[in-house]
Amino acid sequence: MQSLCGPDSLCDAPSCAFVSAVNPDVLVVPALRLRPEHLERWRFLQESNPDLANPCFSPEFVLSVATVRDDVEVAILQSNGGVVGFFPFQRKGRSRAIPAGGIVSDYQGLVCGPGFQCDPRQLLKACGLVAWDFDRLIATQSSFKSFHRLCEPSAQIDLSQGYQAYAAERSAAGTRQLRDCEYRMRRLEREVGPLRFVAHSNDTGALERVVAWKSQQYRRSGWPDLFASDWGCGLVRQIHAVQTPSFAGMLSLLYAGSFLIAGHLGMRSQTVWHYWFPAYDRRFAKYSPGLILLLKMAQVAEELGLRSIDVGTGISLYKKRLMNASIDVAEGSVERPSLLHAVRSARRSLSALLKRSRASKQSY
């Protein structure tokens, strides 16, 4: 272990920080058994690290997942008598794990201070794991760099200078997306009724309608329906109910006249609005109600103290046009020597061999 103390460090003393712990002491507990002092330390570490501003790194998110699932655990990393990090995970079987929340966790990694280092394989060993599979690990956590197999950008809408500055920047970049969206808004008002946007609603009936729309979208697209599971439905209800200064569920609604035409269930931290489950009434699809709702969110973000909207991976055309920032996330696995590792390595080698073989045949 190595502890460097100074003005930029992170430990229990206000002026002293823990920067690196190659092999910290690790205590693993069920997420719901974290003590208040652990949650307070978690929030401190998150707020001290700009890379962790997304609400996926908030303790409330992990606790919400743990409320609807019984397989969520947290490794508490300790050094020199203080807590220096948290590693939340979802155990699959006896010895494999994924990030807490799995498919709904759009940002993954350790909750720790800037510059923190550890040995991922030793961390897994302390947790009784042989493999941890990730698909949206923030790439800035350099301890995991050698385990990356793929990196991609996760799109963001930076609103730190206000909506008008953002709109001017997008216009100067040559995109017509905002202008086209404003045209659709005027047309929608003419043909259906006046628009009304609600940044956050406590209406559980509206939440159920948005969830039903999203479930239908999943089935039409052939994707796994998250809301066909009890835990998926339970999670969005749990997130919707949490309302604290540092973390809250956000149910945003868009009305045209008397019609609810689109909704979005997301969450926010102190500064980031996470774009999560948008859905709309297909009867109004020609007006692009989902895009209109996202634009309305961007317009009110500054009033809510939010500096960015995180729209995630999968850089589709609308994201390319709206994004003005991004953060890299990685897919890969940390694996310790084991039978599982041997089998996976053999499969990866075979897959690489087949790809090379196909490429060779296509070159002739």
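## Worked exercises on a predicted model

Leu150 lies in strand E7 (residues 148-158); strands here are DSSP runs of E with at least two residues, helices are runs of H or I with at least four, and both are numbered from the N terminus. This is a predicted model, where local features need pLDDT of at least 70, side-chain atom pairs count only at pLDDT 80 or more, and totals for chains, interfaces and linings use all residues. Residues are numbered from 1 along each chain as its sequence is written, and side-chain values use heavy atoms, with hydrogens and water left out.

**Exercise 1.** Work out what Leu150 is in contact with, leaving aside its neighbours within four places in sequence.

*Step 1.* Check the accessibility: Leu150 has a relative accessible area of 46%. That makes it partly exposed, the class between buried (under 20%) and exposed (over 50%), using a 1.4 Å probe and protein chains only.

*Step 2.* Look for contacts, meaning heavy atoms within 4.5 Å. You'll find Val329, Ala330 and Glu331.

*Step 3.* Now try Asp135, 15 residues away along the chain: its C-alpha and that of Leu150 are separated by 8.7 Å.

**Exercise 2.** Find which residues of helix H1 are buried and which are exposed on the other side.

*Step 1.* Start with the span. H1 (residues 36-48) has 13 residues and reaches 18 Å from first C-alpha to last, close to the 18 Å expected at 1.5 Å a residue; the expected span is 1.5 Å times one less than the number of residues.

*Step 2.* List the buried set: His38, Leu39, Arg41, Trp42, Leu45 and Gln46. They share one side of H1 because they cover an arc of only 160 degrees around the axis, taken from the directions from the helix axis to the C-beta atoms.

*Step 3.* See what covers the buried residues: helix H2 (59-68), strand E2 (72-79), strand E3 (82-92) and strand E5 (111-112) are included.

**Exercise 3.** Count the disulfides.

*Step 1.* Apply the rule, a pair of cysteine sulfur atoms within 2.5 Å. The count comes to zero.

*Step 2.* Take Cys112 as a test case. Its closest cysteine sulfur, in Cys118, is 7.7 Å from its own, too far for a bond.
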